[in-house]
Amino acid sequence: MAVIELADVHRDFVVRRKAGRLRRERVVVKAVDGLGFAVERGEIVGYIGPNGAGKSTTVKLLTGILVPSAGRVRVVGLDPSRQRIPLARRIGAMFGQRVQLWWDLPLLDSFELLRHIYRIPGERYARNLAEFRRVLELDPFLHTPVRQLSLGQRIRGEIVAAMLHDPEVVFLDEPTIGLDIVAKQRVREFLLAANRQRGVTVMLTTHDLADIERLCSRILILDHGRLVYDGGLEALRARYGGERTLVVDLEEPAAALRVTDARVTRVDGPRQWIAFDRERTNAARLAAEVAAQAALRDLTVEEPDIEDVVRRIYAERQAGAGDDRL
Amino acid sequence: MAELLDGLGLWGRLTGARIRAQLQYRTSFTLDVLGNFLLSFLDFAVILVIFSNVPQLGGWSVAEVALLYGIACLSFALADLLVGELDQFPQLVRDGGFDLVLIRPRGSLFQVVTANFQLRRVGKIVQALAVLVLALGLLDIVWTLERAAMLVVMIPAATVLFVSVWVAAICIVFWTVEGRETANAFTYGGNFLTQFPFDIYDRWLRQLLIYVVPLAFISYLPAAFLLGKPEPLGLPSWLGLLSPLVAAAAALAAGSIWGRAVRHYRSAGG
């Protein structure tokens, strides 16, 4: 069953721009321009795209913050802008750069207030809070005012705030921004567990592609308010990021090796990086070529970096090379 | 009914949390309340200055104007305590903070006005109440059942009217973020106008304040009724008794304007 549905959704913004000394002209900006997709219950979807692509606008349309200019939006079967309050009880949202918690209250007091705002039954609240405290290790700062928390602590608090009422769908906007590796990992594990154990559907907006690699089974890529990719990570790599890299460690430093249907992208002492397209050659053939030229000690194959893949998609579209639906 | 009680309970919790936070800085809080209280007396001094030059204002004596002032300022101070946070609303709209309000399962207006309850606003209430009690003591009002009823309903009705004007006026920021000054003209300007007898205003302004923005029902008509003054526009004197009905209608209108205006919210950024 689809928990998120968009059909031919548009959202325009009218911007008044200075044109000449006194005249101001009306410019219509199409932030979301004929967007359509569906997300099934239990999916973790990565929603990515360059700045200004319309990601935040989409999330705001799905949470009932913005009213669509045209088209049909449904989240858990409700029309977000018209049924905002019933919807709010069933979804959670977290905006990484915004503080939802009460700035000058202890973290626990914020949770208590949310319990009453969402009318969470006492028993369920106690059970959820106990679990989140354990998994996210909140106890050391549970009684600290939010303004005194570190970023990592605050983000953990914000995530709990978005999940206390057992939402069916959560929208997370940059949940790991500014966190260190350990904190990022903790947040990701928490989200994976919530998805597996509670069946929470997650829609993740992020610039951190490691988030996507660790969490998402499906990726939606948005550009200029339109969907340019919808599919899995592997398919995305196969299609755009054909290049893998063979990293070889030689016994002794050497000049760049000569390889057919591939190229050496970097040489660092005895280590060399060889990029290749798997359609044209393969790691075994390259390894044989290398071994014929120098004494080989070790080798590894690196998958294409998702970041490169996405960068290539944007570049391709900007050059006007892609058609509308790639 | 259960809904209403639940809402009241939550209001208590949210304002309680704000008060606890404000009381963390006790000295600063005490000075704030005291400052508010003293400043509002300066406000009343303006009226005394006027009366040191003229014996009457539009046919109203100093005690009668004090009654007007007391009703207008007490109800305004109560409205300020309840929804004064709306003054910060343009900022909330500009930086997109209103987003967070909209993702929570409660009325958006309710959340905005409870966002930062300021207990220091009680200073003004104390001052206005003092002036009102003083004026009632100085005046020889002939008490009838109707006048007693007027005395009971006038403050709640006037508070609801000010709240409605405040809510309706601030909605302008959904269209233009620079709308704050315009909104202030209605709220603070309205409070100023209601402190004086309407007899001194031009006919068009009086009519505007009765039929369009019904501020006449805040202090002027109730006070005229208590004092048995003839209504200068030739309207029946019992008109003041209708203030609860006018207040209810204004509240419904303001709620409806807010509901429509929220759909024009543009958030911030892409």
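I141(B) touches R147(B), L226(B) and L227(B) once residues up to four places away in sequence are left out of the count, and this contact set, like everything below, is read from a predicted model. The residue I141(B) is found in the loop between α7 and α8 (145-170) of chain B. The C-alpha atom of I141(B) is separated by 15 Å from that of G70(B), and the two residues are 71 apart along the chain.

Helix α7 of chain B, residues 122-138, also pairs with helix α2 of chain B, residues 26-51, and the two axes come within 7 Å and cross at roughly 40°. That angle makes α2(B) oblique to α7(B), and the crossing of these helices is right-handed. On the α2(B) side the residues that meet α7(B) include V33(B), F37(B), F41(B) and F44(B), while among those on the α7(B) side are V122(B), K124(B), V126(B) and V131(B). By class, the contact of α2(B) with α7(B) has eight nonpolar, four polar and one charged residues.

In chain A, 28 residues are in contact with 17 residues of chain B. Helices α1 (55-62), α2 (84-90) and α3 (107-117) of chain A each supply at least two residues of the side of chain A that touches chain B. The class make-up of the two contacts is listed below.

| Contact | Nonpolar | Polar | Charged |
|---|---|---|---|
| α2(B) with α7(B) | eight residues | four residues | one residue |

In soluble globular proteins, nonpolar side chains tend to be buried together. The largest nonpolar core here has 140 residues, of which V170(A), I71(B), L161(B) and W166(B) touch the most other members. Helix α3 of chain B, residues 62-83, gives the most to this core, with 16 residues. For W166(B), leaving aside its neighbours within four places in sequence, the contacts are A79(B), V83(B), L86(B) and T187(B).

Note on methods: Residues are numbered from 1 along each chain as its sequence is written. Chains are lettered from A and ligands numbered from 1 in the order in which they are written. This is a predicted model: local features need pLDDT of at least 70, side-chain atom pairs count only at pLDDT 80 or more; totals for chains, interfaces and linings use all residues. A nonpolar core is a set of buried Ala, Val, Leu, Ile, Met, Phe, Trp, Tyr and Cys residues joined through C-beta atoms within 7 Å. A residue is buried if 20 or more other C-beta atoms lie within 10 Å of its own, exposed if 12 or fewer, and partly exposed in between; C-beta atoms are placed from the backbone. Helices (H or I, at least four residues) and strands (E, at least two) are DSSP runs, numbered from the N terminus. Two residues are in contact if their C-beta atoms, placed from the backbone, lie within 7 Å. Axes are lines fitted to C-alpha atoms, for helices over the stretch in contact, and angles run from 0 to 180 degrees between N-to-C directions. Angles under 35 degrees count as roughly parallel, over 145 as roughly antiparallel, 65 to 115 as roughly perpendicular and the rest as oblique. A crossing is left-handed if the near helix is turned anticlockwise from the far one by less than a right angle, and right-handed if clockwise. Ala, Val, Leu, Ile, Met, Phe, Trp, Tyr, Cys and Pro count as nonpolar, Asp, Glu, Lys and Arg as charged, and the others, Gly among them, as polar.
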